[in-house]
Amino acid sequence: MSELTLTVMRLGFLAVLWLFVIVAVQVIRSDLFGTRVTQRAGRRNAEARQTQDRQPAAAPRQQGGGGRQRRGAPSKLVVSEGTLTGTTVALQGQTISLGRAHDSTIVLDDDYASSRHARIYPDRDGQWIVEDLGSTNGTYLDRTRLTTPTPVPLGAPIRIGKTVIELRK
């Protein structure tokens, strides 16, 4: 074997070895510090909170004026336990998705949550329904594991992993 071939093989082996070391360091770093998707989600949730803090009185008047929301019906979804404690989402008749996916309405940074874990949506009668989307660890409504779409009473805790969510006025 020529000297040139041997040198090229050594450099190639050295390059592959360094590539392995760099990938291993990146994996360890992501395990220790999390991923960027979680950071973006946290920023998006903080922006949503700021927007809702600026317009708390306008949303109920708009909904009440249209006659779509019943008296005593919930107007917001509040995270009462977990990493997003204090997060509030106004209920404006749209479906709210919950999970680890970055495009969820509420992004859960929870090891026990699936990417597309559950959804909460209004039915024709104005009641809010919670539905588990085939998650691994399940969705619980007041300590009962959900197997079918179920109406959510006002103030009943919805548990997904370590996160607890409630419908409130």
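How many bridges join strand β1 to β11, and in which sense do the two strands run? In this predicted model, five bridges join strand β1, which spans residues 76–81, to β11, and the two strands run antiparallel.

**The six-stranded sheet**
- Strands β1 and β11 belong to an open sheet of six strands, whose order is β2-β1-β11-β10-β7-β8 and whose pairing is antiparallel.
- The edge strands of this sheet are β2, at residues 88–90, and β8, because each of them pairs on one side only.
- As a general point, the strands of a sheet pair through backbone hydrogen bonds, and they can do this either parallel or antiparallel.

**Glu166 in strand β11**
- Glu166 lies in strand β11, which covers residues 163–168.
- Is Glu166 buried or exposed? Glu166 has a relative accessible area of 16% and is therefore buried, as the cut-off for this class is under 20%.
- The side chain of Glu166 makes a polar contact, at 3.0 Å, with the side chain of Arg168.
- If its neighbours within four places in sequence are left aside, Glu166 is in contact with Lys76, Leu77, Val78 and Ser80, and also with Gly155, Ala156 and Pro157.

**Two residues in the loop between β7 and β8**
- Asp142 lies in the loop between β7, at residues 140–141, and β8, at residues 144–145, and Arg143 has its place in the loop between β7 and β8 as well.
- Asp142 is not a glycine, yet it has a positive phi of about 50°.
- Arg143 is not a glycine either, and its phi is positive at about 70°.
- Asp142 is partly exposed, with a relative accessible area of 48%, whereas Arg143, with a relative accessible area of 82%, is exposed.

**The pairing of strand β3**
- Strand β3, at residues 96–99, pairs with strand β5, at residues 118–122, in the antiparallel sense over three bridges.
- In this pairing, the bridge partner of Ser97 is Arg119 in β5.
- Strand β3 is also joined by two bridges to strand β4, at residues 106–107, and these two strands run parallel.
- Here the bridge partner of Leu98 is Ile106 in β4.

Note on methods: Residues numbered from 1 in each chain as written. Predicted model: local features only at pLDDT ≥ 70, side-chain atom pairs only at ≥ 80, totals over all residues. Heavy atoms only, no water. Helix = DSSP H or I, 4+ residues; strand = E, 2+ residues; numbered from the N terminus. Buried < 20%, exposed > 50% of the residue type's maximum accessible area, 1.4 Å probe, protein only. Polar contact = N/O pair within 3.5 Å; in protein donor to acceptor, adjacent residues only side chain to side chain. Contact = heavy atoms within 4.5 Å.
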